[in-house]
Amino acid sequence: MTAMQKVVSEIRSFHLFLRILIVLVTAGLFAAIARFAFGLGATTNLNDVYPWGLWISFDVVTSVPLAAGAFVLGAIVHCFNIKKLEPLVRPAIVTGFLGYSLVCLGLLLDLGQPHRGWHVFAYPNLHSPMFEVALCVMSYTTVALLEFLAPVFEKFGFHLPLRFLRTLELPLIVLGAAIATLHQSTIGTFFLIAVDKLHNLWYNPILPLLFWISAVFTGMCIIIIEAVMVHRYLDQPDETDLLATLTRIIPWFLGIYLVLKIFALFYLSERPLFDRPVLTTLFAIEMIAGIIIPFIMFLHKRIRTDGVLQLRAAGLVVMFGLVLNRFNVSMFGMIQENQQIYYPSVIESIVTIGIIAAHILFFAVIARYFPIFEHHSEDANNAIEDGFHSTHEQVVPEKI
Amino acid sequence: MSTERDLSNQRTFLIDLTKCTGCRACQVACKQWNQMEAEKTSFFEGEGYQNPATLSEYTLTTIQFKDYFHEGKNEFSFYKAMCMHCNDPACVSVCPVSAFIKTPEGPVIYDTKRCIGCRFCMIACPFGIPRYQWSKALPLVVKCNGCYSRVKEGLKPACAKACPTAIEYGGRQEMIDEAKRRLAVNPGRYMNRIYGLEEAGGTSVLYLSAVPFDDIGFRNVTRRPLPSRTWAALRFVPTAFITMGGSLAFISWLTHRKEKIRREKEMKEVERASQKGDRS
């Protein structure tokens with residue numbers, strides 16, 4: 001069999017769902033090529049009134065907090081030394097690494113001059129939130145890549161670099177968490193410049209802090225969703241007991257967020273607040289469905305410890321609330337009265353769907369070929385032999 | 001980030017809308033001097049006698065018409081739309097690659113060779129001035145450069161040079177004094193307001209008008225310089241980084257030390273137990 005035939009037969013063995021994802025990713029790829037062939041104006045519904053659309057609102061502003069699981073869990077497990085959550089770390093790191101790589105990709109598509117990305121280093125502007133986020137996202141993607149390389153090296157039996165990575169593990173986790181804190185909050189700072197544009201319901205000076213807190217609790221919820229999905233679809237053990245630890249932390253962050261948000265709304269925001277019925281409705285949905293309901297749900301022990309309800313509470317509610325919040329800030333809340341309404345073009349939508357599909361697809365493929373579900377604690381396996389290729393660990397690909 | 005500079009000599013436009021006839025000589029002069037491509041337009045595309053409809057990637061300044069209702073009568077009015085060349089510009093502060101520069105002479109200029117095309121300047125600008133080359137595969141931002149190449153040589157900008165009636169050009173303090181003089185001499189003729197004196201922390205374009213600015217399409221803009229809003233958050237970045245990194249490092253050291261001590265204790269107990277076992 002040639003290599004090509006091997007690849008084809010391998011893909012044939014994939015589950016139908018994964019093959020559909022491959023089609024979606026390919027479609028996204030072609031749409032991305034179309035963007036460069038025909039230009040931003042022709043392929044998107046962006047214009048001078050809406051310089052930022054779906055690609056910034058979803059692929060950057062929303063995707064970054066959705067990929068926050070890695071830094072949050074890394075800090076909980078390694079810094080606070082809650083070892084029993086260890087099994088969740090690797091999948092979270094894979095999700096984080098994929099998420100950030102795709103954020104970079106989405107950002108490059110949206111830039112007018114992507115080939116000049118390096119200008120950020122050549123002509124830095126310390127007063128620009130965008131400069132700060134660009135720097136952080138690039139360095140965090142590198143950190144996530146290094147963290148992600150551990151299972152790759154294990155798979156191929158590169159023991160020497162693996163040892164090196166193990167000694168770096170804790171510093172990388174600390175560095176990653178510090179960098180993530182900066183850019184998760186600075187994405188909120190973006191919109192502090194949009195004074196008189198972003199509606200008072202969302203515009204307040206502590207928006208960056210609110211962005212960081214919501215990234216933390218969403219990161220934990222993403223880990224829960226991921227663990228439940230992996231249990232259901234990738235034949236991994238049920239981690240409900242472990243997740244119960246996480247679900248005890250989440251309501252704290254939800255509660256702090258709620259208090260700060262109310263404080264900001266009534267003491268830090270300018271008036272008027274509730275003058276636009278559509279925005280008031282969006283705001284109410286975001287707060288009630290995304291914060292208050294999950295807060296009450298997570299206070300109940302029965303919900304915290306039940307696998308099915310965890311998925312429902314965390315997944316459907318907190319994630320929905322976060323996505324709505326980020327769209328409210330970066331899109332809906334910026335629309336002025338009597339302004340034309342933006343909706344994404346077909347090509348914009350295909351690209352974003354492709355990016356979401358790519359995330360799920362790559363996760364499933366990595367899970368199939370690399371040991372990301374094997375449980376490694378920090379100081380286990382330190383006695384492995386030195387040298388490259390000295391042993392070939394037999395890694396049985398997990399069924400998909 | 002606002003540094004205390006002497007702004008009194010910054011080149012500034014004083015546009016007296018009561019003297020503007022809407023002839024659009026400024027529009028034509030701007031196109032010619034900046035060699036902007038022609039734009040296909042149709043009449044009545046915008047509001048009133050508006051043509052072209054708005055600023056665009058081909059048009060850096062327009063006479064902006066406005067039909068409105070005043071004391072039971074249909075009225076129309078117009079003003080010259082252009083970059084306001086703020087004293088503390090939002091575009092300069094948000095650009096990740098420093099493509100915008102506030103020149104010492106006054107104009108805010110834009111460097112096409114640096115721009116990466118992120119469009120943050122368009123989100124940031126309180127007056128909604130920067131436009132984008134939507135027609136291009138690798139687009140750039142387009143904005144009035146205040147005819148910096150002319151101003152540097154001591155000339156007036158093209159639009160100010162071409163204007164037969166309404167535009168004065170000179171040092172900022174001089175222009176403010178002139179505007180105040182006109183308001184004092186002819187109080188019945190003007191609204192008692194100089195638009196641009198305090199808007200967005202002050203701009204290098206000042207307007208006088210006979211009708212309320214809000215009515216004819218001027219945006220109501222905050223008085224506080226916009227960059228101070230983001231800087232209020234950004235200045236905490238180094239602190240946040242060090243606090244977060246430091247406290248996490250400290251916590252990990254603490255928890256790992258705790259575990260090490262616990263383990264050593266266990267080992268000792270095991271040893272002791274085995275020694276006891278040996279003895280008995």
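Me: What percentage of the 400 residues of chain A count as buried?
Reply: In chain A, 46% of the 400 residues are buried, that is, have 20 or more other C-beta atoms, placed from the backbone, within 10 Å of their own. This is a predicted model, in which local features need pLDDT of at least 70 and side-chain atom pairs count only at pLDDT 80 or more, while totals for chains, interfaces and linings use all residues. Residues are numbered from 1 along each chain as its sequence is written, and chains are lettered from A and ligands numbered from 1 in the order in which they are written.
Me: How many helices and strands are there in chain A?
Reply: Chain A has 15 helices and zero strands, taken as DSSP runs (H or I, at least four residues, for helices; E, at least two, for strands) numbered from the N terminus.
Me: And what box do the C-alpha atoms fill?
Reply: Along the principal axes, the C-alpha atoms of chain A fill a box of roughly 65 × 55 × 45 Å.
Me: Changing topic: at what angle do H11(A) and H12(A) pack?
Reply: Helix H11 (residues 240-268) of chain A packs at about 145° against helix H12 (residues 277-299) of chain A, and their axes are 9 Å apart. Axes are lines fitted to C-alpha atoms over the stretch in contact, with angles from 0 to 180 degrees between N-to-C directions.
Me: Which residues make that contact?
Reply: Among them are Ile250(A) and Leu254(A) of H11(A), and Ile291(A) and Phe295(A) of H12(A); contact requires C-beta atoms, placed from the backbone, within 7 Å.

Notes. Two residues are in contact if their C-beta atoms, placed from the backbone, lie within 7 Å. A residue is buried if 20 or more other C-beta atoms lie within 10 Å of its own, exposed if 12 or fewer, and partly exposed in between; C-beta atoms are placed from the backbone.
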